[in-house]
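I opened this notebook to record what I looked up, entry by entry, for a reader who has the coordinates at hand.

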Amino acid sequence: MDELVKLFMNDLDDHDDEILKASLQVQEGKLTVLNLVEELGPHLTNTDTEARVKGCKLLTKILENLPDTCLSTKELATLVIFLCSRLQDHYTLQPPALSGLVKLTASTNLAEGEAKIVINSIFKEVHVQSCLQAERLNLYLLLTNIVSNHKSLILSLGRNFLYNFIQAIDGEQDPRNLLVVFQLAYDVISTGIDLLNLAEELFDVISCYFPIDFNPSSGGKFSITNQDLVLGLRRVLSSTNAFAQFCIPLMLEKLDSDIESAKVDACLTFSECLSQYKKIDLEPYLGAIWNTLKQEITQSVSEEVENSALDLLTELVRTLSLWPVLGQSYRMVDLNSFLNEVLEECLTRLKEPIRDKLTWMSWRIIMACAKASKTACDIVCKAVFPLLLEQVSEMSVDASSTPLAKSNFANIMDCIVKMATVCSNFTFSYNPVLPHKDAIMKSFQDVLSKEGSVQVKCTAVAGLAVILGLNILSDENLRNLATVLLSSLMSQSDPKVRFELLSASGYLSSKHPKIVKACMLPTITKLIPETEFWHHPKEIVRNTLECLSALSTHFDILQDVVSYVVDFLFRCKIEQPYCCFLLECLGCLETISKNSTAGDDHTDHLVINIALPLIKICIKTSVQLTVPELCCASCTAVNGFSIDCISLPIIKAVTAVLRNIFQNLRLGKTAKFIVKLLTDIYLNGNIAELDISEEKLLKFDPFNPKFALLQSRMICFLHATLCAVDRSVTIPHIEDFQSKLLNLCLHSDDQPTYVAAAKTFAGLVNRAHKSSDKYMQDVLDCSVGKAKGKKLQVLTLLIWTTKALALCNHEMTKAFIQKLVGLFGDPDIGETAAAGCDIIMRDSKEVLSPSSHAVVRLMYRQRFFLLIIPELVAGFRSAKDTPMEISQTGDLEQVLPSVKQAHCLTALSHLLLHLPKQVLLQQFSHLTPLLVKALHSDDAILLQSVLSALLYLIEDAAAPMEAHIDSLINDFLRLSRFKPNLDVRLKALKCIGASTLLPTTILLPIKKKVVQELRYVLDDHKRDVRSEAAKARSEWYLVGT
Amino acid sequence: MPDKDNLNPLIHQRVTPRTRLKTTNELDNDVRDPFDQREIFDLIRDINDPEHPLTLEDLRVVTEKDITVNDEEGSITVLFTPTIPHCSMATLIGLAIRVRLLRALPPRFKVEVEIAPGSHNSEKAVNKQLADKERVAAALENQHLLNVVNQCLTIKSNNYSPAA
């Protein structure tokens, strides 16, 4: 301790450790505060002021390192008295004394008496306005501590405290301090202290900052923003209704100001204040507020002001709704009278068609009032609906009407729907729309039955749905609605109208399945004839099935629809004439299975009634068809089953349906049953389980690459079922599956087959990576053969397995990545290998997606990127160094260095598109040389992807680009005249345009050059390029203005 | 609130669709696309009105059909219609259109921006001002005026924006 004192007194620097030690001793009780002060005694009482300051500083520093509750009440009392008396000493002693006191007041052990002493001596001894920023900050922090710990003290001090407090915060200008002051003022007010006649003074001291317009000079990471201050101030201003009589006039004045941000801020602040204000506060100003708001809404120059003013109006009406309702007494204001005034002004204008801004704004005002509260909505609706319906009945719009009349009609329709939507926000005992429902429904129906624009029809259908949502329709209304929807569905052909109609029908079905069952289903199902249905016109079939899938929003309906559709499927064969019809049906089932996510019962029903029949139909075909030439026109005896075989799209559609169903399947009886069944069928060929027992059938052996191609293609059902089902469902014999899949994938020549096998293998690896480790080495050891065909199979397997491993963060991912990047140099499959990066980064819909319950670790993309980047950079460099490369087959084959480099860059551009910017920022320095190099390539496709990556970087992570912008802009300008490819020019110009997002100081030096150079592109022979150039150039002109 | 000339302008429905459907020729790098009315209209439709938070298209100050283009001879005429005949902003609007086209068209074009006949009280005077190259150049030397013009040309639908 002695040493420390000596060190400190002699101005030596390295005393931090010693101070820590001393504080530790105090903490452990080895050193008491008394000892400490005694030790420092000679210095604290020294006649030399500087020595006293140092002594005091040391004491403070030791105190600052103590935990808040370390000192006892008694110790605190001693120290408080000591430090408070320091405040009376020389003024240079005040700063250390203050910071010591901040520490002491933070302790909850401080007695109230001492807190009072602190407050009194501070207000008495410290003249805040002549202190430096840090001391003022300390003082505010000290007050904050006391206010939060000693609320009752503040209340008992009352007016005295308040008076001194106002004086202390008066004239503060530093934003850092202001932030604390705002918080402190809020704390003080929320103690519930009586503001008495000081409310005005306090308000003046605080409100003088409004509206805040603060531009932080140097934007450090933790600097205070304008928003922080605005919110801080807003919280104080809206903290009490005692400010009302001062605040309301101020807000009205600021609403009238010329500065847009001030208006918006005033609206928002006022909205916040309203919740505090009582009737008595607000009543005298209502007229003035309404007048100002009206002016702002109807005459503003900015949408933001309009919207915030409308929000304020809503908030005001909401507040008014909480007031007690008055009788017919004279000169009193309540919600009714206020709304009447508003409506009176607006309604006169509403009687005219919406053509000008004023009428349009009147509508918005009315909507804003209506959505405020239930009562307000009721009042507004009662006034507005008769008016609207009157207008509708007067307007008879038909094909011969003028465009003006048509647009008026559309506007009125729109208003009706909007008003009804507002009503749907509240639950009424007597809905204000109820008396008008028939008229409204009729007007919507009229629109649908007549010729008219798509927009109006869509509005009408949406309106019907809104009315349905209000729950005010009687059964008769509902039946009527169902008929209208049905007949419209039959007659309307526009896709937008149909979409609306289908959504509305689905809504009706979910709410009233019985009505739909009685009034819609029978008619719809009759649309497809029982016989020769496969020759039925495609459009009718599609529309019918579309209606059916849209109606399947209720389980009852869904069951009916499914049995209806599957029944048709059983009557079809996988043959040419049925093909179109089959695909339509499967599309319908896919929609149904996608939309039905609710409930295990539903899923179980779908498994039994859709999935099983589909699998049965497909497998049955595959064991019946013995020779390719019987299959379809594309398959011949010579070439075998073709890649254009009609069965492929059907299998694909079936897979999609199966996946949708299995993704929702949870562990349970059905899941166990179906998984066991599938295992039995695929591994043991036991198709008797499916009731397929005709004679002259092939055996089912899908894993044999040389046996029956059609059967091998059925492998894709596996990744839609086994790899899609919930992970809690265990798959029996998973290792058998894996080894057979591996064999099939490597030995099949059929592209769909080996891709499906690779995907399924990857899906299983991802699910059970522990048990599949032994296969990993097999995959890695697969050598890329000579023949191009074989190479692709290995590559496919490699890419998908890498994805499976990367997703679950497997330790072998690195080895797989190395092997993959090694293939980039291969002349045949290098490009495909590079494209593999896209597959790995992208969310696959088919397998390995979270919805298929794959193991997906957080941030796997980032990890994969970090793993592959060193490989890519190394690959890029090595390709540059060794112009000759021996391909893996052992042949001496010259590979152009740019080929591998190009593939590395292509892979990189794929990676960039899927990565969050934070990762890019970290790796930016490694990437820049690659990207810049790529900009000098001639390969249009590569250029495009690199330019997209750079565009993405400029838009998303501009900061690190700043240093390179000069050279990049030169490259962009060069590429903006890249003759051979239009898209390269377009992308380059987009990059130039996006560069305007960078800080102005960097752009200004090159502005002239860019503007000059872009002039030549303005006359490009392609229009797209020209308009992009014009856009970029105009933006550049605005730089720095 | 500064006084406006037209407190309550008519707002029109947009006639020309926002996106232009591309023909196969436009996708072919080897075919030259000629400048046409629509292209010029796309350049000026989003200019902001100096008085209201609306575009010239919304207020129907400019329409596609009031534009004539002669690509070979390099001449373009744009007629614009002020919302009211005594609009004091007519010159400013004309200037904004001019500047926008000056910045966005290759220098080979001779651009004329005029008030549609019969739509303004002092049509001739305004047209004369807008046609006078020296006056336009002098106007753009005026920093305040340039700021106002730039404000009109700051396109709201500009899509160079950092992705959220």
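Which residues of α20(A) and α21(A) meet? I worked from a predicted model, in which local features need pLDDT of at least 70, side-chain atom pairs count only at pLDDT 80 or more, and totals for chains, interfaces and linings use all residues. Residues are numbered from 1 along each chain as its sequence is written, chains are lettered from A and ligands numbered from 1 in the order written, and side-chain values use heavy atoms without hydrogens and water.

For contact (heavy atoms within 4.5 Å), I found that A:Trp363, A:Ile366, A:Cys369 and A:Ala370 in α20(A) meet A:Ala376, A:Cys377, A:Val380, A:Val384 and A:Leu388 in α21(A). The helices, residues 357-370 and 374-394 of chain A, pack at about 145° with their axes 8 Å apart; axes are lines fitted to C-alpha atoms over the stretch in contact, and angles run from 0 to 180 degrees between N-to-C directions. Helices (H or I, at least four residues) and strands (E, at least two) are DSSP runs, numbered from the N terminus.

I then turned to chain B, where strands pair if DSSP finds at least two bridges between them. Strand β1 (residues 67-70) pairs with β2(B) in the antiparallel sense over 4 bridges, and B:Asn70 has B:Ser75 as its bridge partner. I also saw that β2(B) and β3(B) (residues 110-115) run parallel, joined by 6 bridges, with B:Phe80 partnered by B:Ile115.
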